[in-house]
Amino acid sequence: MKRRRTTLLSLAALLGTALTALPASQAGAEETEQIRNGTFDAGADAWWSTNVTAAPSEGRLCADVPGGTVNRWDSGIGQDGITLVKGETYRFSFAASGVPEGHVVRAIVGQSVAPYATWQEASPVLGETAGSYSYTFTAPVDSTEGQVAFQVGGSAEPWRFCLDDVSLLGGVPPEVYEPDTGPRVRVNQVGYLPAGPKNATLVTDATAKLPWALRSAAGATVARGWTVPRGLDVSSGQNVHSVDFGAYRTRGTGLTLAVDGEISHPFDIGAAAYERLRRDAVKYYYPQRSGIAIRDDLRPGYGRAAGHVGVAPNQGDTSVPCQPGVCDYTLDVSGGWYDAGDHGKYVVNGGIAAWELLSTHERALTARTGDPAELGDGTLALPESGNKVPDVLDEARWELEFLLRMQVPDGQALAGMVHHKIHDQQWTGLPLLPSNDPQKRELHPPTTAATLNLAATAAQAARLYKPYDKAFAARALTAARKAWTAALAHPAVYADPADGTGGGAYNDDNVTDEFYWAAAELYLSTGERAFADRVLNSPVHTADVFVPRGFDWSRTAAAARLDLATVPSKLPGRDKVRRSVVAGADTYLATLRGQAYGMPYAPENNSYDWGSAHQVLNNAVVIATAYDITGASKYRDGAVQAMDNILGRNALNISYVTGYGDVAAEQLHNRWYARVLDPSLPGPPAGTLAGGPNSSIQDPVAQAKLKGCVGQFCYIDDIESWSTNETAINWNAALARMASFVADQG
Ligand code: 9MR
């Protein structure tokens, strides 16, 4: 098809935007077409094809795609030799159809040579009549080895793909992305506890207080009051008011809040949703399991073949070599959970995730509102349900067994140390079932952080599994001690920050907190003086560990402090430890009160971190623990209120938990819950936490759409936005722990 000449002028006219609205540099840029013969007027000239029969047809290029391939990239059409300029914005567009309908094309702009970096990708589901697709992105690098490709493999059945009007236009103005934030009144879309706090946030230009009305599902006003103007909210850049309707305590469903001409999304007053969420947040882990087939009878819609058990095309995790030059043995490191939306398995993240699940159970043993039966045997529909062991412990053990396999065996130079991670040699694309991953798997070097992480979690496991499996408890403690000794002998072996091809780096070059955490767990499980001394002599023991960004896989001191404060022991000065947790909670409570959106999270420079949603939750865990310690209702209410922010009381008016709330995250970045990319796959299971706002927006989709975003706005519900919208095992553990706490308060 002949292409219309696109000029900057016609584009501006099309958008109805004044040119003066564009920064001078962009307004001055020339729009330049990068694709040769994109309209196929010259047949198939300049295009290559792989494993398809491609030929011009009625002014388009059509390809008969064979069935029976596994990966998207097994068949395709493309053009190489494209030059891209770093920082320049491009519009990638094309028209495409597929017969029969429902097939997917993975359309990418990326590197034509190894390591095949992808700078823009989209995977629309095609119809029988041609649809037009258009995407804007900014090139992250300079390259003369650019490529545009249309990957059409991965279908069991043959189909016909037709393509036209392929364009890669340089020098276009960056797209202006406006998120749909719905009604200006923001509530917890899931529910408020009858006797708990009930707060909402209104976005408005009004400076004076406004009347609000709480309405029943039938529309009757059941309570009224006035908003409190809060001025400019730094986390969102909005002018806001807050609403407190905590005096209303009657259970109900489908309530709404009406204020300033807006009506909120509906919500419940009741605890039922938290009982469900408590379990869903932990049920999340079973379909994350590696090395085992997922049973469809236990997770309808999620049944799949076992991943990485050595069945082709997998190379398997049963006998994994090291990266070249790192070791000359292989290890069986099968099992464990996939980290996130990728197929990697990383000890430091697996460890903190296992710790937080174990701690959810351990809290239930000691806290006044805890009850271990809530996640007990038979509650989570696991293959192990019915074995008389609490299901949460069965799930955590799947990971613990993997972590133990990552330890360097006796007889090797670094015996007792723990390999940092195991993952693919190269990054793979989406979608990709674990069992279809063809990449070579490699062990990466042992590190002190991973070693101490195993020491901590295996030591914690030793005390928690003792009532159920003495042999496992003893094996875990032996491994923990061995790891501890190895870490002392190799106290500063760090992961390489550049080791991020095919998997995340998870680098951390400060392990004083990991030493403290491991010593704390070893002390709590053994009561031994030597470990108590390590705890008491650590500089971390008296430091303020409750920092604004909270704890996570790299900042583990708080994990130690929370356990030292709550797990019974004879630690000298234990009261002081408990007071330090309460002081940390006071800080987070003050933060929460200072924020019109009610989250105990205010990172330095309003710079939201990767996985901020779980950091909000982990800060809430500290407040919740202060409640467990003191019984003071202000801590219970603060911890419960923090959940509102995760479930919809936020600038984007979105629940970050799938399946919870009227408008919830749906398109989480994950290779096998990729329904938006492949209709035969499921979406993420209900109760999966999204990463949440991330000011650094590292992925191309977020960079294209969210440039210049303020705090809470640095999030997009797009499956390709791996830096804001991934799922991860450590993040869901924070959700599990808080959902359990809130359910216990109901
Ligand atoms: O959650 C991790 C975040 O704290 C790091 O800053 C980031 C970069 O190293 O990696 C995040 O973890 C990702 C990991 O590297 C690979 N699997 C997916 C994880 C979640 O996005």
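**Before selecting anything**

The model is predicted, so local features require pLDDT of at least 70 and side-chain atom pairs count only at pLDDT 80 or more, whereas totals for chains, interfaces and linings use all residues. Residues are numbered from 1 along each chain as its sequence is written, and side-chain values use heavy atoms, with hydrogens and water left out.

**The whole chain**

Display the protein chain as a cartoon. It contains 15 helices and 28 strands; helices (H or I, at least four residues) and strands (E, at least two) are DSSP runs, numbered from the N terminus. The C-alpha trace spans about 80 × 70 × 50 Å along its principal axes. The radius of gyration of the protein chain is 27 Å, which agrees with the value near 27 Å for a compact globule of 746 residues. That radius is taken over C-alpha atoms, and the globule rule is 2.2 Å times the number of residues to the power 0.38.

Next, colour by accessibility. Of the 746 residues, 59% are buried; buried means under 20% relative accessible area, exposed over 50%, and partly exposed in between (1.4 Å probe, protein chains only). The protein chain exposes about 27200 Å², of which carbon and sulfur atoms supply 52%. Accessible areas come from the Shrake-Rupley method with a 1.4 Å probe, and for residues only the protein chains shown count as cover. Among contacts with a separation of 6 or more, 72% are between residues 24 or more positions apart, where contact means heavy atoms within 4.5 Å.

**The ligand**

Select the ligand and the residues around it. These are Asp 339, Ala 340, Asp 342, Tyr 346, Gly 504, Tyr 506, Trp 553, Trp 610, Glu 726 and Trp 731; a residue is near a molecule if one of its heavy atoms lies within 4 Å of it. The shell divides into six nonpolar, one polar and three charged residues. In this division, Ala, Val, Leu, Ile, Met, Phe, Trp, Tyr, Cys and Pro count as nonpolar, Asp, Glu, Lys and Arg as charged, and the others, Gly among them, as polar.

Now show the polar contacts, each a pair of N or O atoms within 3.5 Å; within protein, one must be able to donate a hydrogen and the other to accept it, and residues adjacent in sequence count only if both atoms are side-chain atoms. An oxygen atom of the ligand lies 2.9 Å from an N or O atom in the side chain of Trp 553. The corresponding distance from a ligand oxygen is 3.1 Å for the side chain of Trp 610 and 3.0 Å for that of Glu 726. Taken alone, the ligand exposes 450 Å², and the protein buries 83% of that.

Remain here and select Tyr 506, a member of the shell. Tyr 506 lies in the loop between α7 (470-489) and α8 (512-526). Its phi is positive, about 45°, although it is not a glycine. At 15% relative accessibility, Tyr 506 counts as buried.

**Two asparagines**

Select Asn 618 in helix α12 (residues 612-630). This residue is buried, at 1% relative accessibility. Its side chain reaches the backbone oxygen of Phe 551 at 3.1 Å. Leaving aside neighbours within four places in sequence, Asn 618 is in contact with Glu 356, Phe 551 and Ala 734.

Proceed to Asn 314, in the loop between α3 (272-283) and β22 (320-321). It is also buried, with a relative accessible area of 6%. A polar atom of the Asn 314 side chain lies 2.4 Å from the backbone nitrogen of His 308, and the side chain reaches the backbone oxygen of Asp 437 at 2.8 Å.

**Loops and backbone geometry**

Select Ser 112, in the loop between β7 (106-111) and β8 (118-122). Apart from residues within four places in sequence, Ser 112 is in contact with Asp 80, Glu 145, Gly 146 and Gln 147. Pro 115 is in the loop between β7 and β8, and the peptide bond from Ala 114 to Pro 115 is cis, with omega near 5°.

Another cis peptide bond runs from Leu 430 to Pro 431, with omega near -10°. Pro 431 lies in the loop between β26 (421-424) and β27 (441-443).

Finish at Cys 709, in the loop between α14 (700-706) and α15 (729-745). Cys 709 is partly exposed, at 22% relative accessibility. Not counting residues up to four places away in sequence, it touches Ile 697 and Cys 714.
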